[in-house]
Amino acid sequence: MSKRKPSTLTTGQGSCEPVLTLLEVDWDSESIIPEEIEGLLAKADSLLQSYWDSWHRRPIEQYVACDFRDVWRAMQAVKTQNLPFGNLFCEWGCGFGIVTALASKLGWDAVGIEAEEFLFQQAQAFLRSEKIPAEIWHGNFLPPGSQGLAKRQANHASLFHQIPCVYPKVSLGVDDFATIFAYPWPGEDYFLKDVFRHYAADRAILVMFLGPYELEIYRKDSK
Ligand SMILES: C[S@@+](CC[C@H](N)C(=O)[O-])C[C@H]1O[C@@H](n2cnc3c(N)ncnc32)[C@H](O)[C@@H]1O
């Protein structure tokens, strides 16, 4: 069932450096989403629609939503194929917390991290109203020092936030999470992959949404 194709080395090809292995995870973009999850996503869709309708009043340039249904399908495959070594899941930049909610529905102990106060509040309210036992943390998902991994003069969206890093506040680190999800802005995927490669635990899984029908799933492998 699970087709895992080793190994596309994306970064860190030096001798003792950890590498990211691109996994070929079999998931079906046509598969039917369970009714309960469709119900949840219908509420998410209408929450987002009211946000877009009043966007001019509260423009958050960095917020764009992924394709929740495809992310559900891919994450379900990650879970059913037992790829993560543990149950802690983190969404880097969670917006309205919808992927965090989906991860919780799939059985992960899920956390979303968001820098924007308004989105943090919205994500918390969404989880509360849906009685989803996940957490939203307000802060920066980039660990201290990781900014230095960006190319010089890189203008990445994730580097803009002045809010402090969240991990010391909760006494956890990036390496406590077995699975991390991110939807990077175009051009910063290399940077978030490198942050993951440096700071995540060995064997951790990175699920990246890169655009419609474009999802990549990596595992960190230390030599
Ligand atoms: C492209 S949106 C993706 C939202 C959501 N993950 C999804 O896929 O639907 C990126 C989100 O990450 C947040 N973000 C960007 N950089 C961040 C950082 N360094 N720390 C915390 N949140 C960040 C933005 O505010 C925005 O809500």
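With 14 C-beta neighbours inside 10 Å, Arg203 counts as partly exposed in this predicted model. Its backbone is worth a look too: Arg203 is not a glycine, yet its phi is positive, near 75 degrees. Arg203 sits in the loop that links α6 (189-199) with β6 (205-211). A positive phi, of about 55 degrees, is also found at Lys131, again a non-glycine residue. Lys131 belongs to the loop between α4 (117-129) and β4 (135-138). Lys131 counts as exposed because its C-beta neighbours inside 10 Å number 6, and the exposed class covers residues with 12 or fewer.

Turning to the sheet, 7 strands are arranged in the order β1-β7-β6-β5-β2-β3-β4, giving an open sheet with mixed pairing. At its edges are β1 (19-23) and β4, each of which pairs on one side only. From one strand to the next, the twist averages 25 degrees. Strands β2 (residues 88-92) and β5 (residues 179-182) run parallel and are joined by 4 bridges. Trp92 has Ala182 of β5 as its bridge partner.

Helices also pack on this sheet. Touching β3 (109-114) and β4, α4 has a direction that makes about 165 degrees with that of β4. Helix α2 (residues 68-80) lies across β5, β6 and β7 (214-221), and runs at about 160 degrees to β6.

Finally, the ligand is surrounded by 23 residues, of which Cys66, Gly93, Gly95, Ala115 and Tyr183 are the closest. The shell around the ligand comprises 14 nonpolar, 6 polar and 3 charged residues.

Key. Residues are numbered from 1 along each chain as its sequence is written. This is a predicted model: local features need pLDDT of at least 70, side-chain atom pairs count only at pLDDT 80 or more; totals for chains, interfaces and linings use all residues. Helices (H or I, at least four residues) and strands (E, at least two) are DSSP runs, numbered from the N terminus. A residue is buried if 20 or more other C-beta atoms lie within 10 Å of its own, exposed if 12 or fewer, and partly exposed in between; C-beta atoms are placed from the backbone. A residue is near a molecule or strand if its C-beta atom, placed from the backbone, lies within 6 Å of it. Ala, Val, Leu, Ile, Met, Phe, Trp, Tyr, Cys and Pro count as nonpolar, Asp, Glu, Lys and Arg as charged, and the others, Gly among them, as polar. Two strands pair if DSSP finds at least two bridges between them. Axes are lines fitted to C-alpha atoms, for helices over the stretch in contact, and angles run from 0 to 180 degrees between N-to-C directions. Two residues are in contact if their C-beta atoms, placed from the backbone, lie within 7 Å.
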